[in-house]
Amino acid sequence: MLRADVAGATGLSRRHMLWRGAGVAALALFALLLPWAATKAGNPDLISLATRIVIYAIAAASLNLILGYGGLVSFGHAAYFGVGAYAVGILYFHFSNAEPFLGFVPGTNQLLITIPVAVVTSATFALVLGGLSLRTAGLQFIMITLAFAQMVFFLFVSLKYYGGDDGLIVRHRNVLFNLDMTNDTTFYFVCLAVAAIYFFVFWRLAQSRFGLVLGGIRQNERRLAAIGIATYRYKLVAFVIAGAGAGLAGALMANFAKFVSPDLLHWSQSGDLMIMVILGGAATLFGPLIGATMLIGLETVFTGWTEHWQAFLGPFLILIALFTRGGVLSLFKMSASGSHA
Amino acid sequence: MPEPLLRIHNLTKRFGSLAASDGLSLDVVAGEVHAVIGPNGAGKTTLISQLFGELAPDAGTILFAGKDIGALTTAERVRAGLARSFQITELLPEYTALDNVTLAVQARLGHSFHFWRNARGEPALRDEALHALSRVGLDGRAAVVVSEMSHGEQKQLELAIALATRPQLLLLDEPMAGLGTTECASTIALLRGLKGAITILLVEHDMDAVFALADRISVLANGRRVATGTAEAIRNDEAVRLAYFGEGDA
């Protein structure tokens with residue numbers, strides 16, 4: 001009886017996995033063929049749009065780890081995104097003027113160096129700011145993460161040496177092997193590969209022992225304490241992993257835009273990332289990807305109509321929030337389970 | 001008499017002018033089922049919360065296995081060998097029953113900084129979690145999401161989770177509350193099976209359960225212990241009758 005019950009449970013998830021596998025395969029095929037199709041259709045701008053979506057999907061997914069899985073409403077995630085971008089920008093700045101950073105760290109334009117530096121720098125910021133923020137909870141946590149992010153924002157505004165308000169130009173994208181990074185299709189595939197690795201790692205993480213604890217923290221912290229789990233450490237590690245992911249996305253963004261400025265750290269960026277997570281489906285693997293696609297897609301469509309595009313976006317978001325509890329992804333789940341019922 | 005596993009001395013906790021624990025002292029001997037009874041507001045749940053580190057006492061000491069655990073956090077006390085069940089269930093509602101117990105097994109086995117392997121696929125975790133579920137009679141309900149379980153099942157699950165942490169001392173806060181007669185009987189049978197292996201501090205209103213299980217009974221009233229003794233002695237105790245029926249208390 002025990003066996004049958006467990007087999008029944010895994011049988012259900014096997015069907016679920018089959019659906020998911022098919023979905024991922026279709027998504028991968030679509031992503032791989034997209035540059036070819038865009039060129040064929042005479043609309044190569046789509047490649048840049050897709051690159052932006054891929055980068056923001058990574059950033060939103062990193063926020064999803066704490067916001068969706070952990071239930072920690074961080075309103076300052078753009079800070080780690082921006083710090084990652086500035087790591088690339090500052091390293092490039094010192095590379096181009098041949099003056100070492102702080103007098104002894106040489107600049108570089110090698111992607112295989114700049115990305116790890118961006119990731120580690122963002123993770124370090126997250127360790128310090130998260131370590132302090134996580135001593136609070138609820139509304140206070142939201143406010144303190146926002147406050148810290150604003151501090152980081154103004155830090156970069158005040159760094160006149162690195163352009164202050166005006167930001168830094170990264171004249172050429174970072175170098176990776178012998179790839180022609182100026183080619184938008186090549187750069188798209190680089191970002192796509194990074195995203196594929198990131199989402200694979202994220203998937204493993206979400207179902208690991210650590211992921212199980214994190215989901216438990218969202219549902220009932222008191223219960224976790226009652227089975228002997230000191231939740232603070234897990235929340236902090238999740239916060240650092242999330243910061244590192246945002247740093248990765250930021251590093252790609254700096255290369256994509258060939259420009260970094262304090263705008264990347266603005267609180268409205270944090271808001272956009274939150275919208276992507278909630279829109280697509282919090283605590284789901286691909287929710288942030290769907291959210292990023294929708295937000296950036298809608299923004300592109302509406303800006304084509306009018307410069308007051310936010311007037312259209314706002315009501316649209318409200319409708320989605322009202323009618324899809326659990327994000328757009330929940331619509332697919334509802335229709336999928338409906339067809340099996 | 002052997003050295004007590006749990007020694008509570010002069011425990012005091014006030015909420016404004018109300019004394020939930022008023023110089024409370026109590027010993028629980030290893031291996032016994034020690035029931036704590038008393039009228040509503042006597043300070044039973046407050047006592048458990050203080051023992052479990054969820055509520056800080058104003059004064060007094062708590063010795064567990066000879067060590068003062070007063071300064072430990074809840075999680076540290078659990079790792080020291082305490083477990084509790086909650087009167088109003090505290091579960092992970094979006095997880096399955098199996099996940100809830102798996103997490104408890106996982107927590108007992110050490111830290112959870114494992115980032116790669118599928119936790120739900122680990123036989124070491126799953127087998128023990130399934131075993132804990134079958135002990136409380138939830139064999140067939142492993143894959144059910146907690147929010148879809150009945151109240152009675154959720155109470156049983158509380159117990160399975162507590163057992164999965166393999167405690168030395170189990171603090172049970174009204175495990176029978178809200179259970180049907182058959183569920184009550186099976187819970188009593190289960191707890192009787194634990195007798196001797198796990199020391200139990202049982203807070204319970206169901207007197208049939210208390211008299212069926214308890215080796216000793218302590219009676220609380222207004223945050224104080226008014227009597228301790230065997231079931232027989234408590235039945236005939238004058239102070240107990242006073243606590244329950246006397247002094248204008250309906």
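**Figure legends: chains A and B of a predicted model**

**View 1. Burial and overall form of chain A.** Of the 341 residues in chain A, 44% are buried. The coordinates shown here and in the views that follow belong to a predicted model. Chain A comprises 13 helices and 2 strands. Its radius of gyration is 21 Å, close to the 20 Å that the globule rule gives for 341 residues, and chain A is therefore as compact as a globular protein of that length. The C-alpha trace of chain A spans about 70 × 55 × 40 Å along its principal axes. Among contacts in chain A with a separation of 6 or more, 75% join residues 24 or more positions apart.

**View 2. Confidence along chain A.** The average pLDDT of chain A is 89, and 92% of its residues score at least 70. Among the elements of this chain, helix H9 (residues 231–257) of chain A has the highest mean pLDDT, 97. The lowest mean, 56, belongs to helix H13 (residues 329–340) of chain A. Over residues 1–11 of chain A, pLDDT stays under 50. For this segment, residues 1–11 of chain A, the model has 13 contacts beyond four places in sequence. Where pLDDT is low, predicted coordinates should not be read in detail.

**View 3. The two assigned domains of chain B.** The domain assignment divides chain B into domain 1 (1–81 + 167–250) and domain 2 (91–165). Taken over C-alpha atoms, the centres of domain 1 of chain B and domain 2 of chain B are separated by 26 Å. Contacts between them involve 10 residues of domain 1 of chain B and 9 residues of domain 2 of chain B. On the side of domain 1 of chain B that touches domain 2 of chain B, helix H6 (residues 181–194) of chain B gives the most, with 3 residues. By class, this side of domain 1 of chain B has 6 nonpolar, 3 polar and 1 charged residues.

**View 4. The interface between chain B and chain A.** Here 35 residues of chain B are in contact with 28 residues of chain A. Helix H2 (74–80), helix H3 (97–108) and helix H4 (123–135) of chain B each supply at least two residues of the side of chain B that touches chain A. H3(B) provides the largest share of that side, 6 residues. Grouped by class, the side of chain B that touches chain A has 17 nonpolar, 9 polar and 9 charged residues.

Technical notes. Residues numbered from 1 in each chain as written. Chains lettered and ligands numbered in written order. Predicted model: local features only at pLDDT ≥ 70, side-chain atom pairs only at ≥ 80, totals over all residues. Helix = DSSP H or I, 4+ residues; strand = E, 2+ residues; numbered from the N terminus. Rg over C-alpha atoms; globule rule 2.2 N^0.38 Å. Buried ≥ 20, exposed ≤ 12 C-beta atoms within 10 Å, placed from the backbone. Contact = placed C-beta atoms within 7 Å. Domains from an automatic or database assignment. Nonpolar A, V, L, I, M, F, W, Y, C, P; charged D, E, K, R; others polar. pLDDT = per-residue confidence, 0-100.
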